[in-house]
Amino acid sequence: MGKVLLVGDFDYIQGHLRYGHSQVEVDEEFVKNSTKQQLKEYLDNNGEIIVDEYEIDDCGDITDVRIEKIK
């Protein structure tokens, strides 16, 4: 028998996001022909927000337990 992953869902998690960044894939030519302000606006309008660091202050009880196959 192999190993499986035991997963428990919390009824809530409380905390706050600490740091993050935005990113989007663009052509080098676009960067070369844009001002820093234009790049910032493009990133603001089209970027994906990535959370780099967070802090969990509290969590609730485990409400459900499931078993998943390890990939």
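Trainee: Is Glu 68 buried, partly exposed or exposed?

Mentor: This is a predicted model, so keep that in mind as we go. Glu 68 has 32% relative accessibility. Buried would mean under 20% and exposed over 50%, so Glu 68 counts as partly exposed.

Trainee: And how far apart are N and O where the side chains of Arg 66 and Glu 68 meet?

Mentor: Arg 66 is also at 32% relative accessibility, so it counts as partly exposed. A salt bridge needs the nitrogen within 4 Å of the carboxyl oxygen. The side chains of Arg 66 and Glu 68 do form one, with an N to O distance of 2.8 Å.

Trainee: Which residue is linked with Arg 66 and Glu 68 in a network of salt bridges?

Mentor: Side chains of opposite charge can pair when their charged atoms come close. Here the network takes in Arg 66, Glu 68 and one further name, Asp 9.

Trainee: Which strands does the salt bridge between Glu 55 and Arg 18 tie together?

Mentor: In this pair the closest N and O atoms are 3.5 Å apart.

Trainee: What is the N to O distance between Arg 18 and Glu 53?

Mentor: Arg 18 sits in strand S2 and Glu 53 in strand S3, 35 residues apart. Their side chains meet in a salt bridge, and the N to O distance is 3.3 Å.

Trainee: How many salt bridges does a search of the whole structure find?

Mentor: Among them are Arg 18 with Glu 53 and Arg 66 with Glu 68. The search of the whole structure gives a total of four.

Notes. Residues are numbered from 1 along each chain as its sequence is written. This is a predicted model: local features need pLDDT of at least 70, side-chain atom pairs count only at pLDDT 80 or more; totals for chains, interfaces and linings use all residues. Side-chain values use heavy atoms; hydrogens and water are left out. Helices (H or I, at least four residues) and strands (E, at least two) are DSSP runs, numbered from the N terminus. Buried means under 20% relative accessible area, exposed over 50%, partly exposed in between (1.4 Å probe, protein chains only).
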